[in-house]
Amino acid sequence: MTLFDGVFYVFALITVISAFVVVFTRNIMYAAFSLLFTFFGVAGLYVLLSADFLAVAQILIYVGGILVLLLFGVMLTNKVVSVDLKTGTLQTVPALVIVAVVAGSLAGLFYSTWKNAPTPTTDIVSTTRTLGEMLMTGYMLPFEVASVVLLVALIGAAITARRTRNVS
Amino acid sequence: MDFNEFFTWLQHVQLAHFLIVSALLFSLGIYGIVTRKNAILVLMGIELVLNAANINLVAFSRYGGMNLDGQVAAVFVIILAAAEAAIALAIILNIYHRFQTVNIDEVSALKE
C-alpha cells in the first residue's frame with residue numbers, strides 16, 4: 001500500500017459516495033452540491049492518471065461552468081420561496097435491479113480482463129504542450145468543428161432561453 | 001475467485017481500479033437518468049455518465065503507454081458536455097415558462 005494507492009482510494013471514495021448522494025437524495029440542492037464533490041474527485045483521479053491539463057480543465061469547465069449553469073437551472077425552475085426543492089423518483093426497484101446487474105457485470109468484466117495489466121513504465125511528464133501540439137496537427141479538423149459547435153450552442157442557447165414577447 | 005489474491009490486488013492500484021470506479025459512476029448516472037422526475041436531475045445523471053466515460057479514456061491513455069489520443073478525446077467530451085448543458089438548460093427554461101413545471105412526466109407534448 002503506497003501513497004499512490006491511498007490517494008486513489010480517497011479520491012475514488014469521494015467520487016463514488018458523492019455520486020450516490022447525487023442520485024439518491026431527494027433535495028435538488030444537495031444533489032447539485034454533491035455533484036461538485038464528484039467533479040473534484042474525478043479531477044483528482046485525472047491527476048493520479050498524470051493528466052494534469054485535463055484535471056485543470058475539468059475543474060474550470062465542469063465546476064466553474066456546467067455546475068453553475070445547473071444551479072441557475074435549479075434556481076430558475078423552482079419556486080425557491082416555498083423551500084420545496086424536493087423531487088420524486090419513479091420505478092426505483094426495477095431500475096435498481098437493472099443498474100446493479102449492469103454495474104456488477106461491468107466491474108467483473110473489467111476485473112477479469114485487466115486484472116494483470118502492466119503498470120506503466122513511462123515517466124510522468126506535463127501533457128499540456130503535447131496536447132496543444134496534437135490539437136494543432138493531427139486533430140485540427142475536430143478542433144475547428146468543436147469551435148463551430150460551441151459557437152452554434154452559444155447562439156442557440158441565447159436565442160432559445162430569451163423570453164419571447166407575447167408571441168402566441 | 002480467490003479472496004487472498006483479490007485483497008492483494010485491491011492494495012495495488014492499477015488500470016482495473018480506475019475502470020471499476022468509472023463503471024460505478026456510469027451505473028449511478030444511468031440510475032439517475034432512469035429514475036428522476038426533475039429534468040435538471042436527469043441532466044446531472046448525464047454529466048455523471050460523461051465523467052465515467054472520461055475516466056475510462058484517460059485511464060486507457062495512461063496505461064496504454066502514455067498515448068495522449070485518449071486525453072484528446074476526453075477534451076472533446078468536455079467541450080461537448082459544456083455545449084450540451086447550455087442547450088439543455090435553455091430548453092428546460094423554455095419548458096418551465098410554458099408549462100410551469102420541469103417534471104418530465106407531465107411534459108409530453110410539444111404544445112399545450
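**Note on a predicted two-chain model**

1. The C-alpha centres of domain 1 and domain 2 of chain A lie 24 Å apart, in what is a predicted model rather than an experimental one. According to the domain assignment of chain A, domain 1 covers residues 1–87, while domain 2 covers residues 127–163.

2. Helix H2 of chain A (residues 28–48) packs with helix H3 of chain A (residues 52–76) at an angle of about 170 degrees, and their axes are 8 Å apart. Because an angle over 145 degrees counts as roughly antiparallel, H2(A) is roughly antiparallel to H3(A).

3. The residues that make this contact include Ile28(A), Leu35(A), Phe39(A) and Tyr46(A) from H2(A), and, from H3(A), residues including Asp52(A), Ile59(A), Tyr62(A) and Leu70(A). Sorted by class, the contact of H2(A) with H3(A) has 19 nonpolar residues, one polar residue and one charged residue.

4. Turning to chain B, its secondary structure consists of four helices and zero strands, which gives the pattern α-α-α-α when read along the sequence. The radius of gyration of chain B is 19 Å, well over the 13 Å that the globule rule gives for 112 residues, so chain B is more spread out than a compact globule. Taken along the principal axes, the box filled by the C-alpha atoms of chain B is roughly 60 × 35 × 15 Å.

5. One residue of chain B can be examined on its own: His12(B) lies in the loop between helix H1 (3–10) and H2 of chain B. His12(B) counts as exposed because it has 12 C-beta neighbours inside 10 Å, and 12 or fewer is the cut-off for that label. The C-alpha atom of His12(B) is separated by 42 Å from that of Ile87(B), with the two residues 75 apart along the chain.

6. How do the two chains meet? In this model, 62 residues of chain B are in contact with 69 residues of chain A. On the side of chain B that touches chain A, helix H2 (15–35), helix H3 (39–63) and helix H4 (69–99) of chain B each supply at least two residues, and the largest share, 20 residues, comes from H4(B). By class, this side of chain B has 45 nonpolar, 13 polar and four charged residues.

How values were computed:
Residues numbered from 1 in each chain as written. Chains lettered and ligands numbered in written order. Predicted model: local features only at pLDDT ≥ 70, side-chain atom pairs only at ≥ 80, totals over all residues. Contact = placed C-beta atoms within 7 Å. Nonpolar A, V, L, I, M, F, W, Y, C, P; charged D, E, K, R; others polar. Buried ≥ 20, exposed ≤ 12 C-beta atoms within 10 Å, placed from the backbone. Domains from an automatic or database assignment. Rg over C-alpha atoms; globule rule 2.2 N^0.38 Å. Axes fitted to C-alpha atoms, helices over the stretch in contact; angles between N-to-C directions. Parallel < 35°, antiparallel > 145°, perpendicular 65-115°, else oblique.
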